[in-house]
Amino acid sequence: MQTTANVLVALVAALHGWILVLEMFLWERRPGRELSGFDADMARATAPLAANQGLYNGFLAAGLVWGLIAADPTGYRVQVFFLSCVVVAGLYGAATANRRILFAQALPGAIALTAVLVAG
């Protein structure tokens, strides 16, 4: 179960790394505009906000990687903390911005968190 948990944590970290790239560097290009649904003008106007969100997603990814490489009990605790942050951020985003965030962020985070807790 530990291997499964580690793979799931790594996948959530990779997802948040990809979100960082989309929000910080590709927001005004096709991949970022497809994600947001914004036209070119709105994407340009919201790019600084998206870059800020992207940075936070990068911190989530970095925390999850730290949790994977740190020795236990620190690694376990860091994974639980950052996965909890992912779930809360996903729930908040789904409630305030777009329901898709529930399935794109909160659900993968919750699955990985469950796996970590079971393997723990």
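Author: What follows is a short exchange about the terms used for this structure.
This is a predicted model, in which local features need pLDDT of at least 70 and side-chain atom pairs count only at pLDDT 80 or more, while totals for chains, interfaces and linings use all residues. Residues are numbered from 1 along each chain as its sequence is written, and side-chain values use heavy atoms, with hydrogens and water left out.

Reader: What makes Arg-33 partly exposed?
Author: Arg-33, in helix α2 (residues 30-36), has a relative accessible area of 31%, and therefore it is partly exposed. Leaving aside neighbours within four places in sequence, Arg-33 is in contact (heavy atoms within 4.5 Å) with residues including Leu-26, Trp-27 and Phe-38.

Reader: Why is α1 called oblique to α4?
Author: α1 and α4 pack at an angle of about 50 degrees, with their axes 12 Å apart; axes are lines fitted to C-alpha atoms, for helices over the stretch in contact, and angles run from 0 to 180 degrees between N-to-C directions. Angles under 35 degrees count as roughly parallel, over 145 as roughly antiparallel, 65 to 115 as roughly perpendicular and the rest as oblique, so α1 is oblique to α4. In this contact Asn-6, Val-9, Val-12 and His-16 of α1 meet Gln-79, Leu-83 and Val-86 of α4.

Reader: How do you know whether α1 and α5 are roughly parallel or antiparallel to each other?
Author: The axes of α1 and α5 come within 8 Å and cross at roughly 155 degrees, and α1 and α5 are therefore roughly antiparallel.

Reader: Which residues have the most contacts inside the largest nonpolar core?
Author: A nonpolar core is a set of buried Ala, Val, Leu, Ile, Met, Phe, Trp, Tyr and Cys residues joined through side-chain atoms within 4.5 Å. The largest one has 14 residues, and those with the most contacts inside it are Val-9, Val-12, Leu-64, Phe-82, Leu-83, Val-86 and Val-116. The elements that give two or more residues to this core are α1 (2-25), α3 (40-69), α4 (74-96) and α5 (100-119).

Conventions: Helix = DSSP H or I, 4+ residues; strand = E, 2+ residues; numbered from the N terminus. Buried < 20%, exposed > 50% of the residue type's maximum accessible area, 1.4 Å probe, protein only.
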